[in-house]
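Biologist: I have a model open and would like to learn how to read it. Could we go through a few features together?

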Amino acid sequence: MKVLIFGLGMHGGGFAAASYFLDHGDEVRITDLKGTCNLGYEMEDLTQRGALCISGPHRSEDFLWADIVVKNPAIPPNHPMLKYARMVVNDFAWLFSSPWCEQVKIIGITGTKGKTTTSAAVAHVLQEYGYEAMQCGNMGISGFSILREWERRNEQGRALPEYLVCEFSSWQIRDTVQAMHGQLPVMELCALTNFYPDHLNSYESIEHYLEDKLQLFTHNIKMAVIPDVMLKRIKTQTQLDKHHIRGIDRASAKVLEEQPHLRSAYTILLALGFKYKSILKALQSFQGVPHRIEQLGMLGNILFVNDSAATIPEAVHFSYAKFRTMAVHLICGGTDKNLEADGMLEELQSASSVSLLDGSFTQNKLIPLLEQHNIPYYGPFKSMGDALQQSYEMARKKEQELPNLVQAILLSPGSASFELFANEFDRGNQFKNLVGLLLES
């Protein structure tokens with residue numbers, strides 16, 4: 001079979017897809033606008049294994065050559081090159097086409113923010129209960145990697161996991177539905193953690209963004225877990241009765257007051273039939289995931305927190321709430337996604353200091369908002385080191401005034417990262433590395 005990987009990407013998805021088909025003896029070509037120097041060892045490794053790697057402008061002959069095209073989710077479905085493709089797939093569509101999915105209970109999770117933490121927390125609790133739960137999707141684990149593992153298990157006579165927890169971005173839902181012509185597999189449960197404006201630099205409207213999210217909720221799901229405000233819409237769309245739909249806010253209103261980021265996971269596990277006391281007990285050992293309210297350590301009374309995955313203003317509001325009893329020195333700003341900054345105004349006003357990372361969102365949205373409300377700020381800085389140094393100096397200054405005050409230096413950008421960093425993970429890793437040097441000094 002002839003396979004074209006359309007966009008290798010920088011999160012491992014294209015690499016996993018190419019590796020899967022190379023393992024099966026297929027002919028593989030990879031087309032990516034970035035040069036090989038930007039894609040590093042992955043291009044070199046795949047070339048050595050027999051793939052033809054094409055950097056630079058995409059060529060129509062590669063699409064005409066291919067039996068299937070594996071599309072990167074960041075590439076829009078109306079890309080002009082796709083008109084030459086015989087068949088377009090993504091990792092979820094290929095995985096879900098496997099009959100082995102009928103042996104595994106699938107949990108689908110989407111949402112604007114919190115879906116990675118929710119997926120990881122659900123998988124953690126299931127593991128604590130003694131069930132094997134694999135994760136895949138938007139957190140960086142390709143469906144091709146999962147399917148390859150299942151194939152190895154079958155060869156070795158080993159059992160499949162009881163659960164597969166799938167984290168979906170809106171783009172992954174869109175591509176999966178299109179590739180499978182709307183016939184998604186039966187899922188044990190689907191959840192929408194929350195919904196806020198996002199990706200409006202890619203979507204025509206917020207309604208189109210929501211429509212892609214809601215395509216996950218079909219008649220093939222057994223249970224739905226969603227924010228209370230969307231109960232009526234989901235009930236109408238899926239035709240599920242009220243006994244098969246759980247509202248997150250209602251179910252978790254009296255629990256997890258100190259950990260609101262775990263309420264979706266709690267409600268999902270409750271809907272799966274687990275008892276609330278045992279869920280809460282199992283969640284106590286959940287350590288969280290990198291770049292999402294990740295507590296890195298303390299230097300004296302100063303706590304360092306990496307929340308680089310906060311890529312929309314509302315996420316800053318969500319994360320900041322956990323540290324409201326502290327004096328917070330906020331590092332924020334970055335690249336614009338056609339979003340307004342008002343969703344983080346309250347946090348900008350209450351922060352002990354604000355240090356800005358440079359970028360289009362910072363210049364066009366944050367600075368005007370800060371100046372409109374007479375909120376002092378530092379920067380904008382063109383490096384993480386300068387922004388962290390400024391926040392640390394402000395924390396040390398406050399420490400001299402109030403020695404017993406507990407403080408937090410919180411990286412919670414509220415925007416994308418691409419002008420200064422490769423992605424939000426690169427941004428978070430730079431922060432973590434610099435904080436690590438401070439903690440060791």
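Predicted model: local features only at pLDDT ≥ 70, side-chain atom pairs only at ≥ 80, totals over all residues.

Biologist: How many residues of helix α5 are buried?

Modeller: Buried here means under 20% relative accessible area. In α5, 12 of the 14 residues are buried, including Lys-115, His-124 and Leu-126. The cover comes from elements that include the strands β6, β7 and β8 and the helices α8, α11 and α12.

Biologist: What span does α5 reach from its first C-alpha to its last?

Modeller: Helix α5, residues 115–128, reaches 20 Å, close to the 20 Å expected at 1.5 Å a residue. After α5 comes Gly-130, with a positive phi near 100°.

Biologist: At what angle do the axes of α1 and α6 cross?

Modeller: A general point first: an α-helix has 3.6 residues a turn, so residues three or four places apart point the same way. Here the axes of α1 (residues 13–23) and α6 (residues 143–156) cross at roughly 35° and come within 8 Å. On α1 the contact is made by Ala-16, Ala-17, Tyr-20, Phe-21 and Asp-23; among its partners on α6 are Phe-144, Leu-147, Arg-148 and Glu-151. The contact residues comprise six nonpolar, one polar and four charged.

Biologist: How much area do domain 2 and domain 3 bury between them?

Modeller: The size of an interface is often given as the accessible area lost when the parts come together. For domain 2 (94–285) and domain 3 (294–440), that is about 980 Å², 60% of it on carbon and sulfur atoms. Each side is in contact through 12 residues, and the C-alpha centres of the two domains lie 30 Å apart.

Methods: Residues numbered from 1 in each chain as written. Heavy atoms only, no water. Axes fitted to C-alpha atoms, helices over the stretch in contact; angles between N-to-C directions. Helix = DSSP H or I, 4+ residues; strand = E, 2+ residues; numbered from the N terminus. Contact = heavy atoms within 4.5 Å. Nonpolar A, V, L, I, M, F, W, Y, C, P; charged D, E, K, R; others polar. Expected span 1.5 Å × (residues − 1). Buried < 20%, exposed > 50% of the residue type's maximum accessible area, 1.4 Å probe, protein only. Domains from an automatic or database assignment. Buried area = accessible area lost by both parts, 1.4 Å probe.
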